[in-house]
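Please find below a colleague's note on the structure shown here.

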There are 2 protein chains.
Amino acid sequence: MATLRAEQLTSLTHTIFEAVGASSEEAGLVAEFLVRSNLAGHDSHGVIRISQYLRLMKEGKMKPGAGVEVVRETGSTALVNGNWGFGQVVAKRSMEIAIEKAEKNGIGAVGVFNCNHVGRLVDYTAMAAARDMIGVMMCHGVPSVPPFGGIDRMFSPGPISVALPAGSQKPILLDISTSVVAEGKVRVKLRRGEKVPLGWIIDKEGRPTQNPADLYAGGAILPLGGEVGYKGFGLGLFVDLMSGALTGSGCASSPEFRGGNGVFMMAVNISDFTGLDDYKRRVDELVARIKASRKAPGVKYIFLPGEPELREEERRLAEGIYVEDETWEEITSTAKGLGLDLTPYETAAVVQS
Amino acid sequence: MATLRAEQLTSLTHTIFEAVGASSEEAGLVAEFLVRSNLAGHDSHGVIRISQYLRLMKEGKMKPGAGVEVVRETGSTALVNGNWGFGQVVAKRSMEIAIEKAEKNGIGAVGVFNCNHVGRLVDYTAMAAARDMIGVMMCHGVPSVPPFGGIDRMFSPGPISVALPAGSQKPILLDISTSVVAEGKVRVKLRRGEKVPLGWIIDKEGRPTQNPADLYAGGAILPLGGEVGYKGFGLGLFVDLMSGALTGSGCASSPEFRGGNGVFMMAVNISDFTGLDDYKRRVDELVARIKASRKAPGVKYIFLPGEPELREEERRLAEGIYVEDETWEEITSTAKGLGLDLTPYETAAVVQS
């Protein structure tokens, strides 16, 4: 068992990626973003990914030092070739480009291809929010969701993230899949030997099922919406076409798609629309009204998008990040294989034992 | 009972609006868009709105001849004051501005305030698709949806429309509310004396209910997603802030909001990203894969977004548009009050009797 402080886990991750050929800047960014996902409580996007990234690097599919290349651009748009560098490096630079363009022309939009796994989208949209812009981002990946009424996997859970800055309130940080659930939540149920609720998945014949194992035996995750799942299907289709057809990554279900994430992102400069102060006042007032809403029976608290993650982050910053045995074993054996000195982390790893 | 051919209903609507002071151009556009909603099967946005519009005109809230005014702009964005003209006129001109900007700078985004009811969003996003651009539009209006876990109405069903052009396939025309259903569907159930499915609405105490009347007795429509309704809530919040806080219309739940629709729209120029031909090929191939997907038990056909409306349009173009007695009565008595000669329409109105 290991429970590490965030900065220790970040430092260890940084050290590992530098040891396998990433620059200090790249390694630092990847480490920071992976650990940030752990802090937010989204362990599926955290340090559990280290071994996957190392494997991709070994296979030559994730390339340290690959330059982020703008292959086409206008005053407000850019098409970016990620050259299969680290997804975090590519996506961060791409959002910077979107922000720069939005500063000049009110809005900036960037499409990205040849891009590895970028992690949680909200890390990038929040960059725009920190600059008094509205950040929007979507991406696609390996398909696990059928069209509404269909069985064959055709779409990734296709996340959409929106970051909306506020005044005195916290920014609103939305990051949702366009499927009922992300695959990770089904996996957790499977590992725990629990059923999934009806409406999450179908088996390989398209029948509703509560057995999470059915997903991994040719089943699929349903689009968001239940009986009105044509809405989630429509949103997933939108995400797939923006991330795949528009960027050149290819649609998730096409042979053209080579893995990683196709990405579309935007920054909208608030001060080019209504005044920034008026916008912020309106957000603050809306948040206050939401918080003051009468609650449905059994509901104790109304969470704003991003609020559960923020609470989890505060908790984990104080109490440390728990890394499950299998993942910790993987990380430490990798580190040892690279000849790294693990003493400081092994000592640190028992802060909560 | 009246069943009219589309061009007759359009001509009658045009004549009425011209008779009360609209220019021929304005009246023509309003008539065209209202009847287009009827054709698509969305009667809630069709000629049933004539009496509402006439009332707003009488009250001075809907102003023929009001100019569409760009009050702020950059190379890619514009903030538009609709000056309370016809929503259709304002929204159409605003999408034209977005398209013009996208032609120059790859993307165009327009926020609109002081705008009356615009009707179905897809009428405008389809304008972008017809120009080989991706159209995106969202708007807000009178609130009927609480935050996830809350009771108080705070958001309109907040529609989002996306129009994605294709090659040889039909364009993909998505137009969905971010609530489980639009209010009109609950009203239909009420009129028919039917129950609504569990999960559509809550009563004024926040309890789940199947009685459609509860919505009109202080209840609310639930956000999209059911048990994961925080997703629909997040999308609704996004729509409300883009349409209300960013444009200056004010959030739907704020005293600042003066009715009509706050609108945010965009056009994305496809050829400034991947090549247009490649994009279109990808869309066509994806549509073909979707159509070829194995179907879940009981499913006969997989509809793409916009396809049900297209089928209905074909049917109604051939068979005529049925206008229910109450609405037909309203329209004809209004027309007579204006001294219009209804003979041609009254004859026409019995084509299907």
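1. Basis of the note. This is a predicted model, in which local features need pLDDT of at least 70, side-chain atom pairs count only at pLDDT 80 or more, and totals for chains, interfaces and linings use all residues. Residues are numbered from 1 along each chain as its sequence is written, while chains are lettered from A and ligands numbered from 1 in the order in which they are written.

2. Chain A overall. Chain A holds 11 helices and 12 strands (DSSP runs numbered from the N terminus, with H or I over at least four residues for helices and E over at least two for strands). The radius of gyration of chain A, 21 Å, is close to the 20 Å that the globule rule gives for 353 residues, so the chain is as compact as a globular protein of that length; the radius is taken over C-alpha atoms, and the rule is 2.2 Å times the number of residues to the power 0.38. Its C-alpha atoms fill a box of roughly 55 × 50 × 45 Å along the principal axes.

3. Burial and contacts in chain A. Of the 353 residues in chain A, 57% are buried (20 or more other C-beta atoms within 10 Å of the residue's own; 12 or fewer means exposed, and in between partly exposed, with C-beta atoms placed from the backbone). Among contacts in chain A between residues at least 6 apart in sequence, 61% join residues at least 24 apart; a contact requires C-beta atoms, placed from the backbone, within 7 Å.

4. Interface. Contacts link 70 residues of chain A with 70 residues of chain B. On the chain A side, the elements that each supply at least two residues include strand S4 (107-113) and helix H8 (276-292). Since 100% of the interface residues of chain A are also interface residues in chain B, the copies meet through the same surface.

5. Core. The largest nonpolar core has 229 residues, and those touching the most other members are Ala98(A), Ile221(A), Met265(A), Ala98(B), Ile221(B) and Met265(B). Such a core is a set of buried Ala, Val, Leu, Ile, Met, Phe, Trp, Tyr and Cys residues joined through C-beta atoms within 7 Å. Beyond four places in sequence, the contacts of Ala98(B) include Gly108(B), Val110(B) and Met265(B).

6. Strand S4 of chain B. All 7 of the 7 residues of strand S4 (107-113) of chain B are buried, so the strand is largely enclosed by the rest of the structure. Strand S3 (77-81) of chain B pairs with S4(B) in the parallel sense over 5 bridges, pairing requiring at least two DSSP bridges. Leu79(B) has Gly111(B) as its bridge partner in S4(B).

7. Ser76(B). Ser76(B) lies in the loop between strand S2 (69-73) and S3 of chain B, and counts as buried with 32 C-beta neighbours inside 10 Å. Leaving aside neighbours within four places in sequence, its contacts include Ser76(A), Asn105(A), Lys101(B) and Ala109(B).

Methods
Two residues are in contact if their C-beta atoms, placed from the backbone, lie within 7 Å.
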